[in-house]
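Please look over the two-chain model shown here together with its sequence, and keep both at hand while reading the explanation that comes after it.

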Amino acid sequence: MTLSISVSKQLETLTVELETVCPSNSLTAIVGPSGSGKTTLIRMLAGLETPDAGTIRCNEKTWFSSKEGISVPAQHRRVGLVFQDYTLFPHLTVEKNILFAAENPDVTLDLLKTFGITHIRNKKPHSISGGERQRAAFCQALAREPVALLLDEPFSALDVTTRRKLQHLLLEIKTRLPIPIIHVTHDLEEATLLGDTIIAMEQGKESPNWLNTQLLAAHHATRGNLPYEQCHQCGIHAQAGYKIKRENNAGIR
Amino acid sequence: MTLEPLLLSAKLAFCTMVLIPLLAFPPAYFLAFGKCRGKSILDALITLPMVIPPTVLGFGLLVVMTPTGAVGSTWQSLTGDRLIFSFTGILFASLVFNLPFAVQPLRASFEKLDKRLLESAAVLGLSPFQTFYRVVLPNCVSGIVASSILVFAHSLGEFGVILMVGGSIPGKTQVASIAIFEAVEALRYEDALYMSAALVPVCFVFLLIINAVNGRQRS
């Protein structure tokens, strides 16, 4: 399963443009400051917004093509999407929220176990913690057995401890998911921890300069200890074509 | 005093309350979530019965509901019955008159709904219709209840429109408000008092329920 993206969309203040290929069993982290067009990109991939031009292909299937006049609606793209804030259906219990998305009900129990939320299966979203809600949101997104998983800053509303736990859970489960994962975040450390490929975005476009500036700033702020050198220890380096690729599995702790 | 006008008012209010969601849901949904230029025109059209005098609305309805009018002739060719001066006729008028009272609370309730839930439903594969009954309706129950109760209470007090379209045929179109008016005109103050005394607490209780529902929605 490979997601090929080449899109552009004019927003009020900037143009979002990206061209990349996201392979299976791989997490592509898109990192950049607020307002850089990351969420717009995720929404275009999910079918919630229409690009002005370009193509989006998932394997052989075209989801969007401005030239061919194709735009597959969100309902038929079969992606899993986890939003920044918790968007579980408030009138349903956790289990029913997951069943809501599942075509195979047996998947629900497995997901509840994997994400460690079996004990809250009968509770409604308003009566559980933020971390539990986001775990349930992951279950819901995966219950549909998606062809791609899209994550829009899924951990940004969580406290540091819960965020860490969920980041490591994602690291653990991503190896078992035979689909491309696209993870949008403004947190560089999270991107380097989770991403197999990291794409920096600024003002709607890929921006290796932004990434280098951020790494350098962090490097200076921590008196040369973190995270610039660790990034290098992890094998992160700028590639031709503006991408930053981590070549081994070591992460920043 | 006869109970017939009170029972007829209750029957009219109940039928209006049950049937009006069929008419009110589509425009309320469109006004809340639609994105096109015609929205403000539709909004004004639906709100019109709220601001024009009931007699004007009643006259307009009378014109279209007579056997030679567009609605009346269609109805007569379908059923063989006349629409004006019948219970069905005053029910039709009541539905038109109450439409803004049903649409506005529903619209407000839909607008309060987190739009991301709709997007989430779309990404999970639900069609717009499935999203409506599996996500929107369950999360707007209090708005629907408030809208229904408002329509019921408002229907109980209808006068001008019903009088224009239905006249005052006892047992058929003579609802409580018309019976009270006629009792006063005939100097039967005692009858008017009893019917009024029966209507006021009912409306009061229904308004209390609306307040409770709105309070719950706010919290």
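This is a predicted model: local features need pLDDT of at least 70, side-chain atom pairs count only at pLDDT 80 or more; totals for chains, interfaces and linings use all residues.

Residues are numbered from 1 along each chain as its sequence is written, chains are lettered from A and ligands numbered from 1 in the order in which they are written, and side-chain values use heavy atoms, with hydrogens and water left out.

Where the two chains meet, 18 residues of chain A are in contact with 16 residues of chain B, contact meaning heavy atoms within 4.5 Å. The area buried between chain B and chain A is about 1600 Å², and carbon and sulfur atoms give 63% of it; buried area here is the accessible area (1.4 Å probe) that two parts lose on being put together, summed over both. On the side of chain B, the residues that lose the most area to chain A are B:Arg116, B:Val123 and B:Leu124, which together make up 40% of what that side buries.

The rule for polar contacts finds 7 residue pairs across the interface of chain B and chain A, both residues being at pLDDT 80 or more. A polar contact is a pair of N or O atoms within 3.5 Å; within protein, one must be able to donate a hydrogen and the other to accept it, and residues adjacent in sequence count only if both atoms are side-chain atoms. The elements of chain B that give two or more residues to the side touching chain A are helix H6 (115-123) and helix H7 (128-139), where helices (H or I, at least four residues) and strands (E, at least two) are DSSP runs numbered from the N terminus. H6(B) gives the most to that side, with 7 residues. By class, the side of chain B that touches chain A has 9 nonpolar, 4 polar and 3 charged residues, with Ala, Val, Leu, Ile, Met, Phe, Trp, Tyr, Cys and Pro counted as nonpolar, Asp, Glu, Lys and Arg as charged, and the others, Gly among them, as polar.

Two residues of helix H6 of chain B can be followed in more detail. B:Ser120 is in that helix and, at 5% relative accessibility, counts as buried; buried means under 20% relative accessible area, exposed over 50%, and partly exposed in between (1.4 Å probe, protein chains only). Leaving aside neighbours within four places in sequence, B:Ser120 is in contact with A:Phe83, A:Thr87, A:Phe89 and A:Gln140. B:Ala121, also placed in helix H6 of chain B, is buried with a relative accessible area of 0%, and, with neighbours set aside in the same way, is in contact with A:Phe89, B:Leu126, B:Thr131 and B:Val135.

How many salt bridges are there between chain B and chain A? The count is 1, a salt bridge being a side-chain nitrogen of Lys or Arg within 4 Å of a carboxyl oxygen of Asp or Glu. The side chains of B:Glu119 and A:Arg43 meet in a salt bridge at 2.6 Å, N to O, and A:Arg43, A:Glu49 and B:Glu119 are linked in a network of salt bridges.

Over all chains, a search of the whole structure finds 13 salt bridges. One of them joins A:Lys38 and A:Glu153, whose closest N and O atoms are 3.8 Å apart. Because A:Lys38 lies in helix H1 (residues 38-46) of chain A and A:Glu153 in the loop between strand E8 (148-152) and helix H5 (160-174) of chain A, the pair ties together parts that are 115 residues apart in sequence. Both A:Lys38 and A:Glu153 are buried. In chain B, the side chains of B:Asp114 and B:Arg116 meet in a salt bridge (2.7 Å, N to O); B:Asp114 is partly exposed at 29% relative accessible area, and B:Arg116 is partly exposed at 25%.

B:Glu158, in the loop between helix H8 (141-156) and helix H9 (160-166) of chain B, is buried yet has no salt bridge, the nearest side chain of opposite charge, B:Lys11, being 14 Å away. For such charges, Lys and Arg count as positive and Asp and Glu as negative, while His and the chain ends are not counted. The side chain of B:Glu158 does make a polar contact with the side chain of B:Ser94 (3.0 Å).
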